[in-house]
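Biologist: Before I look at the model, I would like to know what stands behind the words used for it. Can we go through them one at a time?

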Amino acid sequence: MDKLLEIKDLRISLLTPYGRAYGVRGVSLDIAEGEKLGIVGESGCGKTLTAKAILGLHRRERTEISGSIVYKKKNGETVDLLRLREPELRKIRGSDISMVLQDSSLALSPIITVGRQMEDMILAHRAVGRHEAGRIAAKLLGDVGLSEPEMRLKCLPGELSGGQLQRICIAMAISSDPRLLIADEPTTALDAVTQAQILELLKNISAEKKMAVMLVTHNFSVIKRFCDRVCVMYAGEVAERGKVAEVTEDPRHRYTQGLLKSIPDGRKRRLEPLAGSLPDVYERITGCAFSERCPDRREDCRGEIPEISLGGTHCASCVLAGGEPNGG
Ligand SMILES: Nc1ncnc2c1ncn2[C@@H]1O[C@H](COP(=O)(O)OP(=O)(O)OP(=O)(O)O)[C@@H](O)[C@H]1O
Ligand SMILES: [Mg+2]
């Protein structure tokens, strides 16, 4: 499969009044064209920082960032997004790659009608007039399953439900026919039924338009329902990655095992929540970041942890994983 985006050894530190926060500590992952990749991990593990780095949405003056994020353009040319200047990045952001956030109210202005905001977005990326942009906006709302699009376009965001607003944000994000959609917890604020409908919608759009999706979530059930591959993050690193079936049926990192035990699967009555919490983001970590919480930690967990290849696309950064160290 052709790689659309490849992140290598991404490190992000935030320079704060309290010191240096090591938000992302060396993430490598890739997404193929049309693929649905899930990023999962508990709150604070660096999912949003990683997603935002792709679009260059970090505050440059307060962020130290290294590694590479190579994006393959439509014409086959590759660019490192971390090395692009703002005007070049702006061309890619919102057209080739777009993003849907957890909270639609943050993405929309409360005092401007939905129609006007959608038209402005369309005008920014397409050579059309406002009248045509309005027609495209109505069509897009129909595409994301909103009834009576013309009427919705006249509404202010406050006059619509959370689920409707999230559909509108998805419509805006796909208005430029992006090749990659980054969806950062797009359903967390919604009830279970609406959540399922939005995921189904994203899945259909992805299949129809052959659009890759990077879905960020803390919920493994969402990953199982939606994604082709998954990347499990812990404390700013990738703990385990592979096809969803590889990882969920045979999790090798103790953190992944713990996460999977803590989700309802319809059979188990008792869930086992993961004890403990993430290490302090201001501390440097040597060895395995999970070792403090790991029931099976050993002496060599304090040393460097190689990524172990477990066959197929399955890899885990754990000395207990079995398999062979990953040469690549
Ligand atoms: N601007 C910032 N200044 C200081 N620390 C930050 C900043 N942004 C993020 N962090 C820290 O970096 C770590 C990773 O943050 P990030 O937002 O990527 O987490 P996340 O995995 O998206 O969590 P959640 O599931 O809660 O959204 C956290 O410990 C967070 O507190
Ligand atoms: Mg987040």
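Modeller: A residue counts as near a molecule or strand if its C-beta atom, placed from the backbone, lies within 6 Å of it. Residues are numbered from 1 along each chain as its sequence is written, while chains are lettered from A and ligands numbered from 1 in the order of writing. The model is predicted, with local features needing pLDDT of at least 70 and side-chain atom pairs pLDDT 80 or more, whereas totals for chains, interfaces and linings use all residues.

Biologist: Which residues come nearest to ligand 1?

Modeller: There are 14 residues around ligand 1, and Gly 23, Ser 43, Lys 47, Thr 48 and Leu 49 come nearest.

Biologist: Which elements each supply at least two residues of that shell around ligand 1?

Modeller: Strand S1 (3–16), strand S2 (19–32) and helix H1 (47–55) do. Helices (H or I, at least four residues) and strands (E, at least two) are DSSP runs, numbered from the N terminus. H1 gives the largest share of the shell, 3 residues.

Biologist: How do the residues of the shell around ligand 1 divide into nonpolar, polar and charged?

Modeller: The shell has 5 nonpolar, 8 polar and 1 charged. Ala, Val, Leu, Ile, Met, Phe, Trp, Tyr, Cys and Pro count as nonpolar, Asp, Glu, Lys and Arg as charged, and the others as polar. Gly is among the polar ones by that rule.

Biologist: In what order do the 4 strands form the open sheet?

Modeller: The order is S2-S1-S4-S5, with antiparallel pairing. The edge strands are S2 and strand S5 (78–80), each of which pairs on one side only.

Biologist: What makes Glu 148 and its phi worth a remark?

Modeller: Most residues other than glycine have a negative phi. Glu 148 is not a glycine, yet has a positive phi of about 45°. Glu 148 sits in the loop between helix H5 (130–143) and helix H6 (149–153). Asp 177 is another residue other than glycine with a positive phi, near 55°, and lies in the loop between helix H7 (162–174) and strand S7.

Biologist: Why is Asp 177 called exposed?

Modeller: A residue is buried if 20 or more other C-beta atoms lie within 10 Å of its own, exposed if 12 or fewer, and partly exposed in between. Asp 177 has 12 other C-beta atoms within 10 Å, so it is exposed. Glu 148 has 10 C-beta neighbours inside 10 Å and therefore counts as exposed.

Biologist: Why does Glu 185 count as partly exposed?

Modeller: Glu 185 has 19 C-beta neighbours inside 10 Å, so it counts as partly exposed. Glu 185 is in the loop between strand S7 (180–184) and H8. Leaving out residues up to four places away in sequence, Glu 185 touches Gln 102, Val 216 and Thr 217; residues are in contact if their C-beta atoms, placed from the backbone, lie within 7 Å.

Biologist: Why does Pro 110 count as exposed?

Modeller: Pro 110 has 8 C-beta neighbours inside 10 Å, and therefore counts as exposed. Pro 110 is placed in the loop between helix H3 (104–107) and helix H4 (114–125). Beyond residues up to four places away in sequence, Pro 110 touches Leu 156, Pro 157 and Gly 158.

Biologist: Which domains does the domain assignment of the protein give?

Modeller: The assignment gives domain 1 (1–96 + 177–282 + 315–328) and domain 2 (105–175). Such bounds come from an automatic or database domain assignment. Over C-alpha atoms, the centres of domain 1 and domain 2 are separated by 27 Å.

Biologist: How many residues of domain 1 are in contact with domain 2?

Modeller: On the domain 1 side 13 residues are in contact with 11 of domain 2. Helix H8 (residues 192–209) gives the largest share of that side of domain 1, 5 residues. That side divides into 9 nonpolar, 3 polar and 1 charged.

How values were computed:
Two strands pair if DSSP finds at least two bridges between them. Two residues are in contact if their C-beta atoms, placed from the backbone, lie within 7 Å.
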